[in-house]
Amino acid sequence: MLPRLLYELLPLLYILAGLFLLVITHQPLLLFAGLLLYTCGTLIWVMRSTNRRTDNIHYSSKRWITPEWLYELQPFIQIGLVLVLWRQPLALWLQLLSLPIAAWALICLQRRSHSRHHKIPH
């Protein structure tokens, strides 16, 4: 059995390792490995977050509602978009454009984590 601290950090480690591979390499196999690590870390993060959720899910009375899976993955999709923009050669304006997107994704993740009051597993 894994120590609790390591178990809790695994999704974040997968995400960071995937992002690292996606940033440093141009080889197709390593890009695939980075994408796989990032995707698995993201899905594990979302599954744990959903499972530990103690607040009530409030749906808007709007006619069109974003699907829950898309809402949950939105910050991670934005981070992926930022990575794509940063990998564009000689496009400083795209890299500058991506900074607010990255900031918003991190703010969304922090707010969700804070507002959901996750139960700590024993």
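This is a predicted model: local features need pLDDT of at least 70, side-chain atom pairs count only at pLDDT 80 or more; totals for chains, interfaces and linings use all residues.

Me: How many helices and strands does the protein chain have?

Reply: The protein chain has four helices and zero strands, and its elements run α-α-α-α from the N terminus on. Helices (H or I, at least four residues) and strands (E, at least two) are DSSP runs, numbered from the N terminus.

Me: What share of the residues counts as buried?

Reply: Of the 122 residues of the protein chain, 28% are buried. Buried means under 20% relative accessible area, exposed over 50%, and partly exposed in between (1.4 Å probe, protein chains only).

Me: And which accessible surface does the chain have?

Reply: The surface comes to about 9100 Å², and 73% of it belongs to carbon and sulfur atoms. Such areas come from the Shrake-Rupley method with a 1.4 Å probe; for residues, only the protein chains shown count as cover.

Me: Now α1. What is its span?

Reply: Helix α1 covers residues 4-24, and its 21 residues reach 30 Å from first C-alpha to last, close to the 30 Å expected at 1.5 Å a residue. The expected span is 1.5 Å times one less than the number of residues.

Me: Where does α1 have its kink?

Reply: The kink, of about 45°, lies at Leu 10, shortly before the proline Pro 11. The bend at a residue is the angle between axes fitted to the seven residues ending there and the seven starting there. Both Leu 10 and Pro 11 are among the buried residues of α1, which also include Ile 15, Gly 18 and Leu 22.

Me: What covers those buried residues?

Reply: The cover includes α2 (28-52) and α3 (68-86).

Me: Where does α3 bend?

Reply: Helix α3 bends by about 50° at Gln 74, with the proline Pro 75 following within four residues. Its 19 residues reach 28 Å between the end C-alpha atoms, close to the 27 Å expected. Pro 75, Phe 76 and Gln 78 are among the residues of α3 that are buried.

Me: Why does the span of α2 agree with expectation?

Reply: The 25 residues of α2 should span 36 Å at 1.5 Å a residue, and its end C-alpha atoms are 36 Å apart. Its buried residues include Gly 34, Tyr 38, Arg 48 and Arg 52.

Me: Changing topic: which element gives the most to the nonpolar patch?

Reply: Helix α1 does, with seven residues. The patch, of about 780 Å², includes Leu 2, Leu 5, Tyr 7 and Trp 45.

Me: Is Tyr 7 itself buried or partly exposed?

Reply: Tyr 7, which lies in α1, is partly exposed, with a relative accessible area of 36%.

Me: Finally, what does Ile 101 touch?

Reply: Ile 101 is in helix α4 (residues 92-116). Not counting residues up to four places away in sequence, Ile 101 touches Gln 78, Leu 81, Val 82 and Leu 85, where contact means heavy atoms within 4.5 Å. The C-alpha atoms of Ile 101 and Gln 78 are separated by 6.5 Å.

Terms used
Residues are numbered from 1 along each chain as its sequence is written. Side-chain values use heavy atoms; hydrogens and water are left out. Patches are made of residues with over 30% relative accessible area and no salt bridge: like charges are joined within 9 Å, nonpolar side chains (Val, Leu, Ile, Met, Phe, Trp, Tyr) within 5 Å. A salt bridge is a side-chain nitrogen of Lys or Arg within 4 Å of a carboxyl oxygen of Asp or Glu.
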